[in-house]
Amino acid sequence: IAYGTVAGGFLSDKWLGKPEPDLQSLENRSLVKYLLVIEDTLGWAGYQKLLEALLLWANRLGFQLPVFVSLHTISKPEAAAAVVGTRNSRHVADTCRLIGKTFLEEARREMDEFLKLFPQIEGDCFDIERQPGSRHIAIMRMNLVDSTTGK
């Protein structure tokens, strides 16, 4: 199962051409996490180039950008499914169009070549949140249960 397929909404055209948001302006820790990952890998300029490339492919295939990214995820052999969330009902029909579709090999090669130009985060998606002293662990809320009361 692939979680965070569209990076909390960062993999959508709503961010295309926008300035990098301030970490404190983001509405939840999930968005902060994804912005930190963008900063650690693509940088905002590289992220903008990625959005442009993804949008071109999405438009060619007639998908909204987040749905196209979900198609990429579910087309990977290691992905059994994608957990797709929708904030509004108009996204449901577009998401349902994914059924039976496969990702174009040409698009995958283009994306893989593009991403090779940037640093990658090693390990699974939660490893960076476990590194003591990292800025990624700083956004996590750990040990919220009081060991004396269990609350």
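Contact means heavy atoms within 4.5 Å. The figures below show a predicted model.

Figure 1. The protein chain holds 5 helices and 0 strands. Read from the N terminus, its elements run α-α-α-α-α. Take the contacts between residues at least 6 apart in sequence: 68% of them join residues at least 24 apart. Of the 151 residues in the chain, 34% are buried. The accessible surface comes to about 9,700 Å². Carbon and sulfur atoms own 55% of that surface.

**Figure 2. Helix H1 crosses helix H2.** H1 covers residues 29-40, and H2 covers residues 43-61. Their axes come within 7 Å and cross at roughly 100°. Angles of 65 to 115 degrees count as roughly perpendicular, so H1 is roughly perpendicular to H2. H1 brings Leu35, Ile38 and Glu39 to the contact. H2 brings Gly43, Trp44 and Tyr47. By class, the residues of this contact are 4 nonpolar, 1 polar and 1 charged.

**Figure 3. Helix H2 meets helix H3.** At what angle do H2 and H3 pack? The angle is about 90°, with the axes 9 Å apart. The two helices are therefore roughly perpendicular to each other. On the H2 side, the contact is made by Leu51, Leu54, Leu55, Trp57, Ala58 and Leu61. On the H3 side, Leu65, Phe68 and Val69 take part. The contact has 9 nonpolar residues, with no polar and no charged ones.

**Figure 4. Helix H2 packs against helix H5.** Here the angle is about 175°. The axes lie 11 Å apart. Angles over 145 degrees count as roughly antiparallel, so H2 is roughly antiparallel to H5. From H2 come Gly46, Lys49, Leu50, Ala53, Leu54 and Trp57. From H5 come Glu106, Ala107, Glu110, Met111, Phe114 and Leu115. The residues of this contact divide into 8 nonpolar, 1 polar and 3 charged.

Figure 5. Which residues of H3 are buried? They are Leu65, Val67, Phe68, Val69, Ser70, Leu71, His72 and Thr73. What do these buried residues pack against? Their partners are H2, helix H4 (90-96) and helix H5 (105-115).

Figure 6. Leu71 lies in H3. Is Leu71 buried or exposed? Leu71 is buried, because its relative accessible area is 1% and buried means under 20%. Set aside its neighbours within four places in sequence. Leu71 is then in contact with Phe63, Leu98, Lys101, Thr102 and Phe103. Ala82 is 11 residues from Leu71 in sequence. From C-alpha to C-alpha, Leu71 and Ala82 are 8.9 Å apart in space.

Figure 7. At 12% relative accessibility, His72 counts as buried. Which residues does His72 contact, leaving aside its neighbours within four places in sequence? Those residues are Phe103, Arg108 and Met111.

Figure 8. Side chains of opposite charge can pair when their charged atoms come close. Arg108 forms a salt bridge with Glu105. The closest N and O atoms of this pair are 3.7 Å apart. Arg108 and Glu105 are 3 residues apart in H5, which means that about one helical turn separates them. An α-helix has 3.6 residues a turn, so residues three or four places apart point the same way. How covered is each partner? Arg108 is buried, with a relative accessible area of 14%. Glu105 is partly exposed, at 45% relative accessibility. Arg108 is also one of the residues in contact with His72.

**Figure 9. Lys116 pairs with Glu113.** How many salt bridges does a search of the whole structure find? The search finds 2. One of the salt bridges joins Lys116 and Glu113. Their closest N and O atoms are 3.1 Å apart. Lys116 counts as exposed, at 61% relative accessibility. Glu113 counts as partly exposed, at 48%.

Notes:
Residues numbered from 1 in each chain as written. Predicted model: local features only at pLDDT ≥ 70, side-chain atom pairs only at ≥ 80, totals over all residues. Heavy atoms only, no water. Axes fitted to C-alpha atoms, helices over the stretch in contact; angles between N-to-C directions. Helix = DSSP H or I, 4+ residues; strand = E, 2+ residues; numbered from the N terminus. Parallel < 35°, antiparallel > 145°, perpendicular 65-115°, else oblique. Nonpolar A, V, L, I, M, F, W, Y, C, P; charged D, E, K, R; others polar. Buried < 20%, exposed > 50% of the residue type's maximum accessible area, 1.4 Å probe, protein only. Areas by Shrake-Rupley, 256 points an atom, 1.4 Å probe, with all protein chains shown as cover. Salt bridge = Lys/Arg side-chain N within 4 Å of Asp/Glu carboxyl O.
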